[in-house]
Amino acid sequence: MHAMAQDGTGAISEPFGNGWIRHLINGLQHLKKVKFHGCPYVGNEALENLKAIKHTLEHLQISQCDQVTDKGLLGVSENLKLLKSLVLHGLPGVKDKQLCFKTLKSQLPRCDVVYQDVVT
């Protein structure tokens with residue numbers, strides 16, 4: 001499997017949440033594309049767990065995930081240096097969107113970073 005998409009509220013439930021993501025990713029070491037959209041229980045811990053596939057992950061979308069914060073996004077720039085594209089939008093837990101966008105752009109120079117909530 002080279003791609004994984006988690007869309008909607010029913011995909012991940014509270015009891016499993018971020019731990020479920022860790023177990024899933026550990027079994028899928030060749031993922032190139034991950035999309036988290038509308039997953040209320042995906043947060044910073046889930047993003048941290050993506051480092052298990054840092055050697056293969058090239059495309060990441062995080063959208064409408066209320067628990068993701070500035071810390072989680074900045075962790076992406078530290079853990080996922082091989083990303084080619086990063087699409088972000090609808091992340092109310094991120095307080096300083098402009099700073100996160102600038103940091104991601106500077107720390108991931110080979111990555112096309114699109115943060116739809118930030119005016120460039």
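Start by selecting helix 3 and helix 4: the two pack with their axes 9 Å apart and at an angle of about 10 degrees. That angle makes helix 3 roughly parallel to helix 4, since anything under 35 degrees counts as such. Keep in mind as you go that this is a predicted model.

**The contact between the helices**

Now show the side chains where the two helices meet. Helix 3 contributes Asp70, Leu73, Leu74, Val76, Ser77 and Glu78, while Cys100, Thr103, Leu104 and Gln107 come from helix 4. Colour these residues by type and you will find five nonpolar, three polar and two charged.

Zoom in on one of them, Ser77 in helix 3. Is Ser77 buried or exposed? Its relative accessibility is 1%, so Ser77 counts as buried. Leaving aside residues up to four places away in sequence, Ser77 touches Thr103, Leu104, Gln107 and Leu108.

Next, select residues 97-107, which make up helix 4. Which of its residues are buried? They are Cys100, Phe101, Thr103 and Leu104. These residues sit on the same side of helix 4 because they cover an arc of only 165 degrees around the axis. As a reminder, an α-helix has 3.6 residues a turn, so residues three or four places apart point the same way.

**The salt bridges**

How many salt bridges are there to visit? The count comes to two. Side chains of opposite charge can pair when their charged atoms come close.

For one stop, select Glu48 and Lys51, whose side chains form a salt bridge at 2.6 Å, N to O. Both partners are partly exposed: Glu48 has a relative accessible area of 34%, and Lys51 one of 40%.

For the other, select Glu58 and Lys84, where the N to O distance of the salt bridge is 3.7 Å. This pair links distant parts of the chain, 26 residues apart. Glu58 belongs to the loop between helix 2 (44-49) and strand 3 (59-63), whereas Lys84 belongs to the loop between helix 3 and strand 4. Lys84 is partly exposed, with a relative accessible area of 47%.

Methods:
Residues numbered from 1 in each chain as written. Predicted model: local features only at pLDDT ≥ 70, side-chain atom pairs only at ≥ 80, totals over all residues. Heavy atoms only, no water. Buried < 20%, exposed > 50% of the residue type's maximum accessible area, 1.4 Å probe, protein only. Helix = DSSP H or I, 4+ residues; strand = E, 2+ residues; numbered from the N terminus. Arc of directions from axis to C-beta. Axes fitted to C-alpha atoms, helices over the stretch in contact; angles between N-to-C directions. Parallel < 35°, antiparallel > 145°, perpendicular 65-115°, else oblique. Contact = heavy atoms within 4.5 Å. Nonpolar A, V, L, I, M, F, W, Y, C, P; charged D, E, K, R; others polar. Salt bridge = Lys/Arg side-chain N within 4 Å of Asp/Glu carboxyl O.
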